Amino acid sequence: MKNTLKTIFTAAAVTLFLLSILTTPATAKIFSFNNSVSDDLPAGTETAFNREFETQLANRYPELPKGQRERYTAELLANQNFKAITTTGDKVAKLKTTLMPILKLFKRENYTEIAVFESSRPFVATYNEFTIVFSTGELDILTDEQLRGVAAHELAHDIFMKDFEAAIKAKDFAAMQQIELKCDFVAAQISRTNGENPLAVVEAVKAMRRWLAENGIAAQPNDSHPEPAEREKALKAALKNLKN
Ligand SMILES: [Zn+2]
């Protein structure tokens, strides 16, 4: 009796092991957000990316409490560097509608705040983790698709927040640049999920740089961001590795 049970258990163990071999994908390369872009991001498939993306969203920093967000928003609206900044009105409402598919894919439709201020110079940045600030110039020069690409890049930063903070603390500019490239990649993949051009995010960056050149403004040296051409090259290489 004892031996029979032992045989059954052994057979069961062997079967499970065989099953695990059979269900392992033929390619050993699995998508990981920890890989570097220049290394082998993204080794894997779109399915693997989407699964990993969901996991990463679930593990983001917790949302800031409402009271704290309200204080931050009050501070932002009082910031004199942003002329006529607002989180309400027609321009903000229109922009929020434009960006909604992306906010939904990042599960931020009820969290992320959108702000717009008056300046012909194209500008976009995230403040206090939950407000994406656009200049009117940014809205003037970018297409809706490019605006969504830019928003996806900003929202992707949440995923790499811990690494980014560590890089800032260590003044590790190479690591910061790597994170920018990863945010471009996530943005590109999310654009594609939304049925749009994955290169929209780098097209937006190039359009912003073009505006500066046309207006005789020298681009500020920025150690934390790779040059637009480098971002485009890295993104194209990364997208090429991603299998359907
Ligand atoms: Zn960025």
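View 1. pLDDT is the predictor's confidence in each residue, on a scale from 0 to 100. In this predicted model, the protein averages a pLDDT of 85, and 82% of the residues score at least 70. Over residues 7-29, by contrast, pLDDT stays under 50, and the model has 2 contacts beyond four places in sequence for this stretch. Where pLDDT is low, the predicted coordinates should not be read in detail.

**View 2. The open sheet of three strands.** The 3 strands are arranged in the order S2-S4-S3 and form an open sheet whose pairing is mixed. Strand S2 (113-117) and strand S3 (124-127) are the edge strands, each of them pairing on one side only. With direction ignored, neighbouring strands of this sheet are turned by 25 degrees against each other on average.

View 3. S3 runs antiparallel to strand S4 (residues 131-135), and 4 bridges join the two.

**View 4. Packing of helix H6 against helix H8.** Helix H6 (residues 144-156) and helix H8 (residues 173-193) pack at an angle of about 130 degrees, their axes lying 8 Å apart; H6 and H8 are therefore oblique to each other. Their crossing is right-handed. On the H6 side the contact is made by Arg 148, Gly 149, Ala 152, His 153 and Ala 156, and on the H8 side by Cys 183, Asp 184, Val 186, Ala 187, Ile 190 and Ser 191. Sorted by class, the contact of H6 with H8 comprises 6 nonpolar, 3 polar and 2 charged residues.

**View 5. Packing of helix H9 against helix H10.** The axes of helix H9 (residues 200-214) and helix H10 (residues 228-241) are 9 Å apart, and the helices pack at an angle of about 165 degrees. Because angles over 145 degrees count as roughly antiparallel, H9 and H10 are described as roughly antiparallel to each other. H9 passes H10 in a left-handed crossing.

Notes: Residues are numbered from 1 along each chain as its sequence is written. This is a predicted model: local features need pLDDT of at least 70, side-chain atom pairs count only at pLDDT 80 or more; totals for chains, interfaces and linings use all residues. Axes are lines fitted to C-alpha atoms, for helices over the stretch in contact, and angles run from 0 to 180 degrees between N-to-C directions. Angles under 35 degrees count as roughly parallel, over 145 as roughly antiparallel, 65 to 115 as roughly perpendicular and the rest as oblique. A crossing is left-handed if the near helix is turned anticlockwise from the far one by less than a right angle, and right-handed if clockwise. Two residues are in contact if their C-beta atoms, placed from the backbone, lie within 7 Å. Two strands pair if DSSP finds at least two bridges between them. Ala, Val, Leu, Ile, Met, Phe, Trp, Tyr, Cys and Pro count as nonpolar, Asp, Glu, Lys and Arg as charged, and the others, Gly among them, as polar.
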